[in-house]
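Please find below a colleague's note on the structure under review. The points are arranged from the overall fold to individual side chains.

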Amino acid sequence: WAVKAQAARAMGTVATKLGGTISPQIQKRIATMLVEALAGRTWAGKECILRSLYDLVESGGESVKTNLQSKTDQVSLESMLDALFKECKKEKVDYRIVALNSTGNIISTLNMDFFKTMYAIVEPHLPKEEEGEEEKEKEEEDK
């Protein structure tokens, strides 16, 4: 697993250093490898894959979005986001936090709106108001 994490970090570093100058074929290949590496159980260092995927999207900018538009390729924008959303639902809390952070940053970088999807994932973890608190707030507003 350590080698897999190191390889992911290396891909993220390459994406960061080369930025938008990476050819579309190489961007697709890196994205494909990173998304495929997300499959399976959670292991120590797997969060490096998420960070590297974000590095690829951030440094590639609009070219990554354009390159991943085709649904006929191994990895499309849709399949990448589906894999990221799946990772956001993993049980390990530390990993889930990194997954949510990376996914949110990727969505933001790509200027996409997935608020409802992200909200559905985090909603169970948000503090809930008790029924009595809502009534108290209404009474205070009426005064």
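The numbered points below describe the model as computed from its atoms.

1. Basis of the note. This is a predicted model, in which local features need pLDDT of at least 70, side-chain atom pairs count only at pLDDT 80 or more, and totals for chains, interfaces and linings use all residues. Residues are numbered from 1 along each chain as its sequence is written, and side-chain values use heavy atoms, with hydrogens and water left out.

2. Overall fold. The chain contains 8 helices and 0 strands, and its pattern along the sequence reads α-α-α-α-α-α-α-α. Helices (H or I, at least four residues) and strands (E, at least two) are DSSP runs numbered from the N terminus. Of the contacts in the chain with a separation of 6 or more, 65% are between residues 24 or more positions apart; contact means heavy atoms within 4.5 Å.

3. Burial and surface. The chain has 143 residues, and buried residues make up 38% of them. Here, buried means under 20% relative accessible area, exposed over 50%, and partly exposed in between (1.4 Å probe, protein chains only). The chain exposes about 9000 Å², and carbon and sulfur atoms supply 53% of that area. Accessible areas come from the Shrake-Rupley method with a 1.4 Å probe, and for residues only the protein chains shown count as cover.

4. The nonpolar core. Which residues touch the most other members of the largest nonpolar core? They are L38, L53, M80, L84 and I106, in a core of 38 residues. At least two residues of this core come from each of α1 (2-18), α2, α3 (47-60), α5 (77-87), α6 (93-109) and α7. The largest share, 7 residues, is supplied by α3. Such a core is a set of buried Ala, Val, Leu, Ile, Met, Phe, Trp, Tyr and Cys residues joined through side-chain atoms within 4.5 Å. For M80, the contacts beyond four places in sequence are V35, L53, V57, L68, V75, I106 and L110.

5. F85. This residue lies in helix α5 and counts as buried because its relative accessible area is 7%. Leaving out residues up to four places away in sequence, F85 touches T103, I107, F114, T117, M118 and I121. F85 and T103 are 18 residues apart in sequence, and their C-alpha atoms are 7.4 Å apart in space.

6. Salt bridges. How many salt bridges does the rule give? The count comes to 2, a salt bridge being a side-chain nitrogen of Lys or Arg within 4 Å of a carboxyl oxygen of Asp or Glu. E87 pairs with K46, with the closest N and O atoms 3.3 Å apart. This pair links distant parts of the chain, as E87 is in helix α5 and K46 is in the loop between α2 and α3, 41 residues apart. E87 also forms a salt bridge with K90, at 3.9 Å from N to O.

7. E87 counts as buried because its relative accessibility is 2%, and K46 is buried because its relative accessible area is 0%.

8. K65. This lysine is found in helix α4 (residues 62-67). K65 counts as buried because its relative accessibility is 18%. A polar atom of the K65 side chain lies 2.8 Å from the backbone oxygen of L110. Apart from residues up to four places away in sequence, K65 touches L77, L110, N111 and M112.

9. T32. This threonine is placed in helix α2 (residues 24-38), and counts as buried because its relative accessibility is 4%. A polar atom of the T32 side chain lies 2.7 Å from the backbone oxygen of K28. Beyond its neighbours within four places in sequence, T32 is in contact with Q74 and V75.

10. A nonpolar surface patch. F115, Y119 and L126 make a nonpolar surface patch of about 320 Å². Patches are made of residues with over 30% relative accessible area and no salt bridge, with like charges joined within 9 Å and nonpolar side chains (Val, Leu, Ile, Met, Phe, Trp, Tyr) within 5 Å. F115 is found in helix α7 (residues 115-122), and counts as exposed because its relative accessibility is 59%.

Methods:
Polar contact = N/O pair within 3.5 Å; in protein donor to acceptor, adjacent residues only side chain to side chain.
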